[in-house]
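Please keep the sequence and the coordinates open alongside the text.

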Amino acid sequence: MADVTTLRTAAETGLSKLFEVQRLKLPGAAIAREEAFRYFEAAGLPHRRVEAFKYTDLRAAVREAAPPAEAPDAETARNAVKAARGFAGIEAARLTFVNGHLVAALSDLAGLPEGLEVVPFAQAMSEGHPLLDHLAPVEQTRENPIYQLNAAFMADGVVIQVAPGAKVERALHLRFVGTGNAPFSTATRVLVVAGDEAEVTILESHEGPDGIAYQPNDVLDVVIGDRARVLHSRLNIEGDAAIALSTISARLGAGSHIETVNVVTGAVLSRHQLYLHFAGDDATATVNGAAMIRDGQLADSTLLADHAAVGGISREQFKTVIDGDATGVFQGKIIVRQIAQKTDGKMKSDCLLLTDEGQMMNKPELEIFADDVACGHGATCGALDEDLLFYLMARGLPRAQAESLLVQAFLGEAIEAVSHEDAREAMIAEIEAWLARRG
Amino acid sequence: MLEIKNLVVNIEDKRILNGLSLTVNDGEVAAIMGPNGSGKSTLSYVIAGKEDYEVLDGEILLDGENVLEMEADARAAAGIFLAFQYPLEIPGVGTMTFLKAAMNAQRKTRGEDELTTPDFMRQVYAAADKLEINKDMLKRALNVGFSGGEKKRMEILQMALLSPRFCVLDETDSGLDIDALRIVSEGVNALRAQNRSFLVITHYQRLLNHIVPDTVHVMAQGRVVKSGGKELALELEASGYAEYRSNEAA
């Protein structure tokens with residue numbers, strides 16, 4: 001017993017204590033939470049000797065377990081949202097979360113587009129809502145400590161049902177805003193169940209205060225019916241000291257499509273995990289990421305595309321721009337099971353190093369058990385092309401502006417895939433803002 | 001007026017320009033001809049301000065001001081324009097975005113107001129029309145997927161929009177078919193003006209049938225070895241560069 005305790009870090013011990021207090025307070029059956037936390041407890045905070053966390057050492061990064069944030073009072077919530085900029089001004093139905101809690105007064109729960117049904121997560125958990133059977137749609141997440149930590153602590157979120165055949169034109173914006181003067185943690189869970197042939201656009205923005213080491217752990221579970229389409233854009237503009245963990249796990253029905261694009265400028269450490277399970281034949285996925293990081297930041301994108309049906313197509317394109325002493329991580333794995341003939345998977349990670357101090361870690365993997373597939377991966381890393389810079393400067397653009405234009409062009413390739421025009425524009429604006437801060 | 005005085009340039013310790021002097025007066029079209037490896041492209045890059053070159057001696061004066069002290073963007077704003085031999089493709093940068101950025105950057109450096117969007121569009125469409133550049137090309141990423149001829153026309157379009165004082169055309173005729181050569185040449189000729197001069201770099205006399213020069217200079221071994229009128233180009237076409245090559249060997 002003594003041996004075990006000595007191996008545990010302060011953060012791990014702290015999390016165990018927090019769980020003991022939270023487990024009885026949190027909604028829903030405690031038993032599932034117990035199971036999730038026992039898994040996490042056994043594994044501990046993942047560190048660099050764990051292959052999947054080789055480049056992102058959470059044990060070293062998470063020094064203390066931040067207490068779960070309480071639901072904010074009305075004024076705090078209003079003030080926090082007033083300053084929120086992620087996807088602000090875009091025509092959408094909004095669901096607002098402040099410190100991980102759904103704020104009904106700042107959400108369009110009453111004015112949702114036709115075909116959408118939204119149940120607050122806490123309520124769904126308390127009622128034992130039947131859709132909750134769809135939680136954790138991808139098996140491999142059960143062996144992921146971040147995901148299991150969320151499963152243990154998930155306090156709020158929403159369950160979103162898209163009626164079969166419904167083409168919901170108005171986007172749904174899930175706005176996550178953090179606020180506070182001391183570290184806190186959040187664990188939110190959003191479950192989207194899109195019926196057969198449904199179509200929905202989901203925008204997600206995550207932001208919070210600078211200088212506070214808050215710890216969000218967000219999970220988006222997505223179950224996509226046959227021939228349904230889910231279009232998802234995500235913005236990580238978290239505060240500069242946040243340790244931001246996030247996971248998307250999606251199960252794709254036959255002929256269905258998911259588009260998910262994640263833009264990262266925020267957090268001192270971020271890890272965005274994507275789990276895609278191609279359950280039905282001929283499903284397609286576009287999975288892109290654009291990260292811009294500078295001094296001291298680490299941005300990790302980790303992807304698992306599991307092709308378990310015939311004819312799936314996946315396209316993954318990740319772009320990372322590194323300025324100064326920052327670290328980018330891309331880990332991508334495509335699994336093609338024996339049954340998944342005619343799978344077409346292409347994965348690419350490109351990195352632009354603006355200075356000599358940055359580093360990029362790329363770990364692409366293919367695990368192919370079928371014999372009739374087309375799969376590939378590629379990774380590049382380099383500086384800005386001096387010839388291109390000269391061409392632009394010879395036309396009168398000062399060096400900084402020429403560099404900015406080339407960086408935008410580099411990242412643009414990952415963002416072009418975003419179908420929602422306003423979301424795409426907002427992402428471009430974030431790139432421009434990042435470049436402007438660079439000066 | 002552009003004056004180049006005793007220009008000595010190395011690239012990676014290799015002497016490329018070796019005491020080159022040349023004056024191009026306002027309104028003048030000067031042609032530079034010479035064999036491969038005589039330093040013609042280096043001269044164009046050094047004028048435009050590319051950084052890979054080591055200038056050991058000499059001056060390049062634009063209206064009396066030494067441009068060697070300036071970065072490439074400042075030279076562009078001062079009125080120097082280089083039409084590239086191989087215009088670069090820039091994926092992800094829209095042609096219109098680029099044109100607007102370039103025009104406004106130069107205006108800003110010169111302390112002028114930025115162009116309004118309608119003014120900008122009007123200018124671009126008018127200039128593009130003359131060069132037979134259609135709107136579809138303008139919608140694409142800069143030079144991406146353009147043919148050789150289209151790229152050269154895009155260079156001339158930029159030249160027209162940026163209204164430089166001194167234009168360097170680096171083998172603008174290379175890779176052009178007869179029709180494209182005519183369009184490009186007409187584009188250049190339309191820009192000839194009292195207060196604008198040109199340095200036309202070419203291997204062949206053919207281009208000079210279309211853009212008729214006032215002066216012709218032969219370059220060999222990193223300097224101007226002979227100067228004359230437009231008839232010099234015809235002589236070279238007949239006799240070749242053998243005479244100058246033997247000089248090089250000597």
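In this predicted model, strand β1 (residues 92-98) and strand β5 (residues 171-177) of chain A run parallel and are joined by seven bridges. Within that pairing, A:L95 stands opposite A:L174 of β5(A), and helix α5 (residues 74-82) of chain A lies across β1 and β5 of chain A, at about 125° to β1(A).

**The sheet of chain A**

- The strands β1(A) and β5(A) belong to an open sheet of 10 strands with mixed pairing, whose order in chain A is β2-β1-β5-β7-β9-β11-β13-β15-β17-β19.
- At the edges of this sheet stand β2 (101-102) and β19 (374-382) of chain A, and because each has a single partner strand, one side of each is left without a neighbour in the sheet.

**Annotated domains of chain A**

- An unreviewed UniProt entry places the feature "domain: SUF system FeS cluster assembly SufBD N-terminal" at residues 32-173 of chain A; over these residues the chain is 29% helix and 17% strand, with the end C-alpha atoms 29 Å apart.
- The UniProt annotation "domain: SUF system FeS cluster assembly SufBD core", likewise from an unreviewed entry, covers residues 184-410 of chain A; this span is 9% helix and 59% strand, and its end C-alpha atoms lie 35 Å apart.

**Strands of chain B**

- Strand β1 (residues 2-11) of chain B pairs in the antiparallel sense with strand β4 (residues 54-62) of chain B over seven bridges, and B:V8 has B:D57 of β4(B) as its bridge partner.
- The strand β1(B) also pairs in the antiparallel sense with strand β2 (residues 14-24) of chain B, here over eight bridges, with B:I11 standing opposite B:K14 of β2(B).
- Two residues separate β1(B) from β2(B) in the hairpin that they form, and B:E12 in the turn has a positive phi of about 45°.
- In a regular strand, side chains alternate between the two faces of the sheet.
- Strand β6 (residues 80-83) of chain B is covered on both faces, with B:I80 and B:L82 buried on one side and B:F81 and B:A83 buried on the other.
- The strand β6(B) runs parallel to strand β9 (residues 166-170) of chain B and is joined to β9(B) by four bridges, among whose residues B:L82 has B:V168 as its bridge partner.

**The largest nonpolar core**

- The largest nonpolar core holds 220 residues, of which A:A194, A:V230, A:L276 and B:V168 touch the most other members.
- Helix α9 (residues 399-415) of chain A gives the most to this core, contributing eight residues.
- When neighbours within four places in sequence are left aside, A:V230 is in contact with A:V192, A:A194, A:V200, A:I202, A:V222, A:I224 and A:I258.

**Contact between chains A and B**

- The contact takes 17 residues from chain A and 22 residues from chain B.
- On the side of chain A that touches chain B, the elements giving two or more residues are α8 (386-393) and α9 of chain A, and α9(A) gives the most, with seven residues.
- The residues on this side of chain A divide into 10 nonpolar, three polar and four charged.

Methods: Residues numbered from 1 in each chain as written. Chains lettered and ligands numbered in written order. Predicted model: local features only at pLDDT ≥ 70, side-chain atom pairs only at ≥ 80, totals over all residues. UniProt positions renumbered as here; feature names shortened; annotations may be inferred. Pairing = 2+ DSSP bridges. Core = buried A, V, L, I, M, F, W, Y, C linked by C-beta atoms within 7 Å. Buried ≥ 20, exposed ≤ 12 C-beta atoms within 10 Å, placed from the backbone. Contact = placed C-beta atoms within 7 Å. Nonpolar A, V, L, I, M, F, W, Y, C, P; charged D, E, K, R; others polar. Axes fitted to C-alpha atoms, helices over the stretch in contact; angles between N-to-C directions.
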